[in-house]
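I opened my notebook to look up a few things in one structure. My notes follow in the order I made them.

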Amino acid sequence: MNPPKNTTEIKPGLIPTGLLKRLRPSEVFPSVNNPRRLFDPEPLKVLKENIRQHGVLVPITVFQLKGQSKYHILDGERRHRCCVQLEEEGQTITIPANVVEPPSRVAGMLYMFSIHNIREPWELMPVALSLKSVMADLGEQETQKLSELTGLSEPQVERCKILLTYPAKYQDMSLTPDPEERIPANFWIEAHAFFPVVETCLPKIYRALGRDGICDRLVDKYWAGSIKSVIHFRRITEAFEESRDGRAGEFAKALERYVYEVDFETRAAFDTFVMEARKIAGTLGACDEFLRQLKRGKIDHIVEKDEVVKRLNEVRRFIDKLLIKLEGGDAPKES
Amino acid sequence: MIEEIYATWWIPRRFAGYRPARVSATRVWKWLNQFPASERMLLLRLTRCVQYLSEKALATMLVRENEKLIKRLNFAGIPNERIIYVQYDDAGSSSAVTLNLLRDAGLLERKKFRWMDYKRVKDFHEMTTSLEEGAIIFVDDFVGSGTQFRKCHKFCSPFIVGNFSQFLLAGCICEEAFKVLDAQNVEPAAGIMHGRKDRPLSGLGSLFSKSEIETLKGICRRVANNSGSGLGFDDMASMVILYRNTPNNTPFAFRGTIGQDPFVGILPRTTDLISEQQAEAARNVPVELQEKRSS
């Protein structure tokens with residue numbers, strides 16, 4: 001039987017060979033990974049039937065923390081999940097398990113980053129704090145290298161780094177247990193581009209208030225409801241770009257008012273400068289035309305395909321980066 | 001009748017030290033006389049099934065379970081300096097109070113343990129990062145469905161870095177919470193593991209017949225003013241009551257209606273009492289309840 005697909009990929013060196021034991025499903029903690037990604041019902045059903053007939057043929061990998069009687073899964077969540085279900089159905093089943101040493105602290109953090117890749121993308125603060133530890137431990141600051149080490153995408157690493165630039169008092173505002181009292185982590189990420197705009201357009205005010213003073217005002221506006229969505233910060237940057245063609249003075253006045261007046265809402269302040277609707281229409285048109293041309297070309301079965309494949313991959317990379325940039329936004333309401 | 005008179009003697013003694021409202025003979029008498037004679041004996045039998053944890057009993061239990069746990073951890077190679085006790089709710093909550101109770105009763109201050117509030121996540125992150133491995137013990141007096149614990153644990157667990165075995169130490173943990181703890185990779189350590197079979201109104205025990213159970217459930221519904229089943233949160237009908245407060249998954253037959261109108265309870269929760277009653281309870285004066293029933 002082939003090992004099931006979609007098991008967590010384990011980097012070499014993390015799993016030395018260890019003791020082999022046969023464990024009951026109840027002796028193993030269930031996985032803390034996001035169940036929605038790992039436990040798609042159909043493939044799981046197939047695996048479960050296979051295990052029902054043949055048992056678990058490929059050992060799972062587990063470790064045991066000191067003092068605890070149960071084992072933690074390092075690899076083999078799906079096999080374990082199937083065995084739990086089979087046991088609930090009345091079948092007696094044991095799982096072969098390779099018991100290894102618990103991962104080192106850094107390895108544990110890297111594993112946590114891979115879990116982050118599965119979980120919801122707005123739980124950034126704990127990831128940022130752990131990334132800070134990894135950067136200190138490994139002496140690595142470069143985004144690309146950190147991305148390779150941690151499995152986080154480069155934009156995610158960049159977002160974490162942005163969070164770490166804020167003083168502790170602002171980070172703490174995203175660390176309150178009560179979601180009603182918490183400022184979402186992506187508020188700081190989206191606000192990050194605002195400060196250079198103020199520094200450029202209102203240098204005297206920027207010097208007088210300082211970055212923290214301006215940040216305090218943004219926090220006041222957030223709680224006053226004048227920042228209805230964190231994505232609206234992008235509107236300010238866009239308005240700044242659009243206003244360079246002859247409306248810089250007008251923009252600076254709106255910006256000054258925006259900084260000083262708590263109740264002056266973002267869209268009300270900057271919508272007049274933005275031509276978003278035209279850009280959206282243009283982009284949609286370009287996408288439609290691109291698809292139309294490709295479909296018309298009927299290139300599925302061409303022979304000389306190398307250059308075509310190369311160009312299509314370039315297009316795909318561009319689109320992937322653009323989609324990541326377009327991500328972000330407000331955290332959904334917690335239930 | 002004799003049983004009822006006798007009840008006004010043994011029930012107050014049984015629940016001595018109950019804080020939200022002192023269990024007095026008067027209160028017991030008023031409680032019983034709200035119900036027809038045919039129901040009173042059933043209620044008294046149900047009352048005998050309650051496991052009450054006084055402050056002393058809870059402290060003793062926690063110290064005992066804690067000592068067992070610490071011994072196990074020390075044997076596994078985790079010294080006291082690497083053990084972190086955590087309160088997982090606000091100051092003044094049951095978790096905070098219980099941790100203080102354990103700390104005092106077990107003389108833990110001098111034993112080099114560490115202490116943490118689950119909300120201080122950055123400190124938590126820093127502490128676990130520097131220790132790298134150890135054990136974390138969350139503390140509470142009573143865990144019912146585990147919902148509250150899961151919410152708090154989900155919040156602070158991403159900040160726990162390194163290899164820390166995690167435990168929940170409590171006076172009582174209900175069976176329903178075990179799955180929740182398992183999903184959070186936390187092991188329970190409790191004085192009382194309160195299974196469904198220990199709860200007469202769950203229907204799984206054998207102390208009451210089916211019809212008696214239905215009668216008792218009917219009483220609970222009536223007392224709860226027909227808003228829900230009257231069996232408490234998640235219909236758990238838990239039978240463990242602590243000196244500090246009755247858990248919210250306890251049947252309304254003991255708690256009385258919210259606001260104690262139209263039914264008073266012998267063991268109301270703090271939130272079941274109206275503010276004047278809460279103030280009186282805080283002064284430890286027996287609560288004399290006015291007749292509020294409309295004619």
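Before sorting residues by class, I wrote down the rule: Ala, Val, Leu, Ile, Met, Phe, Trp, Tyr, Cys and Pro count as nonpolar, Asp, Glu, Lys and Arg as charged, and the others, Gly among them, as polar. I also noted that this model is predicted.

**Entry 1: a pocket in chain A**

I looked up the second largest pocket. Its volume is about 840 Å³. I then asked which residues lie closest to its centre. They are K279(A), I280(A), T283(A), L322(A) and L326(A), out of 21 lining residues.

Next I sorted the lining of this pocket by class. I found 13 nonpolar, two polar and six charged residues.

Which helix gives the most to this lining? I found α15(A), with nine residues. At least two lining residues each come from α12 (232-243), α15 (276-297) and α16 (306-326) of chain A.

**Entry 2: where the chains meet**

I turned to the contact between the chains. Chain A puts 28 residues into it, and chain B puts in 29. About 2,300 Å² is buried between chain B and chain A, and carbon and sulfur atoms give 58% of that area. On the chain B side, the residues that lose the most area to chain A are K122(B), N163(B) and N185(B). Together they make up 25% of what that side buries.

I counted salt bridges next. There are three between chain B and chain A. I looked at one of them: D182(B) and K70(A) meet through their side chains, at 2.5 Å from N to O. I also looked up polar contacts, and twelve residue pairs between chain B and chain A make them.

Which elements of chain B give two or more residues to the side that touches chain A? My list reads α4 (55-75), α6 (121-131), β5 (163-174), α8 (176-183) and β6 (186-194). The largest share, five residues, comes from β5(B). By class, this side of chain B has 13 nonpolar, eight polar and eight charged residues.

I wrote the general rule first. Most residues other than glycine have a negative phi, and most peptide bonds are trans.

Then I checked K298(A). Its phi is positive, about 50 degrees, although K298(A) is not a glycine. I located K298(A) in the loop between α15 and α16 of chain A.

Last, I looked at chain B. D261(B) and P262(B) are joined by a cis peptide bond, with omega about 10 degrees. P262(B) sits in the loop between α10 (252-255) and α11 (275-282) of chain B.

Notes:
Residues numbered from 1 in each chain as written. Chains lettered and ligands numbered in written order. Predicted model: local features only at pLDDT ≥ 70, side-chain atom pairs only at ≥ 80, totals over all residues. Heavy atoms only, no water. Contact = heavy atoms within 4.5 Å. Buried area = accessible area lost by both parts, 1.4 Å probe. Salt bridge = Lys/Arg side-chain N within 4 Å of Asp/Glu carboxyl O. Polar contact = N/O pair within 3.5 Å; in protein donor to acceptor, adjacent residues only side chain to side chain. Helix = DSSP H or I, 4+ residues; strand = E, 2+ residues; numbered from the N terminus. 1 Å grid on protein atoms, 1.4 Å probe; cavity = no way out; pocket = protein on both sides within 12 Å on 5 of 7 lines; lining within 4 Å. Points joined across faces, edges and corners; volume = space filled by probe spheres on them.
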